[in-house]
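Thanks for coming, everyone. I have one chain to walk through today. Let me put it on the screen.

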Amino acid sequence: MMAGAGLRLSVAVWAVTRVVLLLCVFRVWVLPGSDVSVDIEVIYQGWYGVLRTGTFPYDDVTWQYPPAAALAVLAPALLPFLEYAPAFFVVCFLADAVVLALLLYAVRGGRRSAKGVWVWVAGVPLLGPIVYARYDVMVTAVAVAGLLAVGRRTRAAGALMAVGALLKVWPVLLLVGTPRGRSTRSAWTTALVTAAALGLLFAVTMPGALAFLTFQRERGTEVESLGSLVFHLGRHFGWHGHARLNYGSVEFLGPYVRTVSRLALGLSVLAFGWLLVWRLRARRFTACTPYDAAFAAVLLFTTTSRVISPQYVVWLIGLAAVCMTMRTTRQGLPIALVLVAAPLTQLEFPLWFSHVVASDKLGVATLTLRNALLVVATLISCARLWRGTVGEEEEEEPAELSPTPPVPDPGTPPRTPVLKRRTG
């Protein structure tokens, strides 16, 4: 009864907080700082007009997404009675509701912990209205569905992860923690076939399907990334560079930017190498390993990226929620750090974004704290994943037989040896 009441309360809190988010994106309640809806009304709607003609916006450098992202941009067409931006917000709201429904289904009957539901319910509003003003919550819904299917429906899990990867690449990392053997072969093969088939379909039917690869390669160091802190601080010590809108985001332009961008790519390569070593050496796979590994992998690549857009944190909140449905997860502390980083992310964008761009003390302090939390969360997450699956694990001392009993007298029923366990 208590569990059922708790879940009903979570649904009520979800409804109230999501109404607040909708009021923000519909500008009924206007928050200070940058307007999060501008990208939808200008950039996304521009892409929508091009995609409806059956081609990708391959001459627009702001289009930096895999081909299935076209489905997310075109999704508001499902609500023809609304204008584009309002329809987009409603679709994001529905994707949010899908994640909640998936988590509620996973914890039904007390089979799993309801903490996972609460991580999603409370974590999303901490990040603010940006969740409904980008299509990342749609990708997160697909990723959560795929991750929850691991272990029960491996082919469905692989197909969903492939669709997610064609929406925004990162869901491919969810495959890293699939259990060894048949489950991995099934999930990975299905994901590969699905991605290849859908990718080929887009490439054949819509010109410009792979243009995003060129635009991604040319991106620099975005002002919210880990590497950007070098230039934020450098501005106070004579570095002569600028923060300008470039490739669809505000990036630093000037001396040494290319070097820092390459270092960030190098860190991502090292992150991939660490995941590969972990996968080869991991021996103990439990029910929560696929979830813990997915969270650690996405956290690793988010932190080392040249770009840490605020909406990326919704990926981490979604995966954190799945992890916390398992009572045996080892990711509790890094998840808590990510939840603390969420409101700081809302502060740096949209509320104090002008301070971040200006590299003043308030902006730099907020960004430094947020990025430091992500770095610490990443290190702890990876360390716990390694210790739980590769490192030596404390084992119970083996049971031992009691001394051999004397030979019974003839006619006496034989006695079964007694198992004793060491104590003390």
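Strand β3, residues 249–253, pairs with β2 in the antiparallel sense, over five bridges. Pairing here means that DSSP finds at least two bridges between two strands. Strands are DSSP runs of E with at least two residues, helices are runs of H or I with at least four, and both are numbered from the N terminus.

Before I go on, the ground rules. This is a predicted model, where local features need pLDDT of at least 70 and side-chain atom pairs count only at pLDDT 80 or more, while totals for chains, interfaces and linings use all residues. Residues are numbered from 1 along each chain as its sequence is written, and side-chain values use heavy atoms, with hydrogens and water left out.

Which residue is the bridge partner of N246 in β3? S249 is. L245 has V250 as its bridge partner in β3. Two residues sit between the strands of this hairpin, and Y247 takes a positive phi there, near 55°.

β1 pairs with β3 over two bridges, in the antiparallel sense. On that side, T221 has F252 as its bridge partner in β3. Is β3 mostly covered or mostly open? Mostly covered: four of its five residues are buried. Buried means under 20% relative accessible area, exposed means over 50%, and partly exposed is in between, using a 1.4 Å probe and protein chains only.

Y256 is in the loop between β3 and α11 (257–281). Its phi is near 70°, which is positive in a residue other than glycine. Y256 counts as exposed, at 62% relative accessibility. R27 is another one to look at. R27 is not a glycine, yet its phi is positive, about 65°. R27 lies in the loop between α1 (2–25) and α2 (38–51). At 36% relative accessibility, R27 is partly exposed.

On to the helices. The chain has 16 of them, along with five strands. Take α5, residues 115–127. Its 13 residues should span 18 Å at 1.5 Å a residue, and its end C-alpha atoms are 18 Å apart, so the two agree. The expected span is 1.5 Å times one less than the number of residues. Buried residues of α5 include W120, V121, V124 and L127. One general point: an α-helix has 3.6 residues a turn, so residues three or four places apart point the same way. After α5 comes G128, with a positive phi near 95°.

Next, α14, residues 332–351. It has 20 residues and reaches 28 Å from first C-alpha to last, close to the 28 Å expected. Its buried residues include charged E348, along with Q346, F349 and P350. What covers the buried residues of α14? The cover includes α5, α12, α13 (313–324), α15 (353–358) and α16 (361–389). Look also at the peptide bond joining F349 and P350. That bond is cis, with omega about 15°.

Now into α12, residues 289–304, for V298. V298 is buried, with a relative accessible area of 1%. Leaving aside neighbours within four places in sequence, V298 is in contact with W170, L173, L174, W315, L316 and L319. Contact means heavy atoms within 4.5 Å. V298 and L174 are 124 residues apart in sequence, but 7.9 Å apart in space, C-alpha to C-alpha.

Last, the whole chain. Among contacts with a separation of 6 or more, 75% are between residues 24 or more positions apart. Of the 424 residues, 50% count as buried. The C-alpha atoms fill a box of roughly 95 × 55 × 45 Å, taken along the principal axes. The accessible surface comes to about 20400 Å², and 67% of that belongs to carbon and sulfur atoms. Those areas come from the Shrake-Rupley method with a 1.4 Å probe; for residues, only the protein chains shown count as cover.

That's the tour. Back to the hairpin if anyone wants another look.
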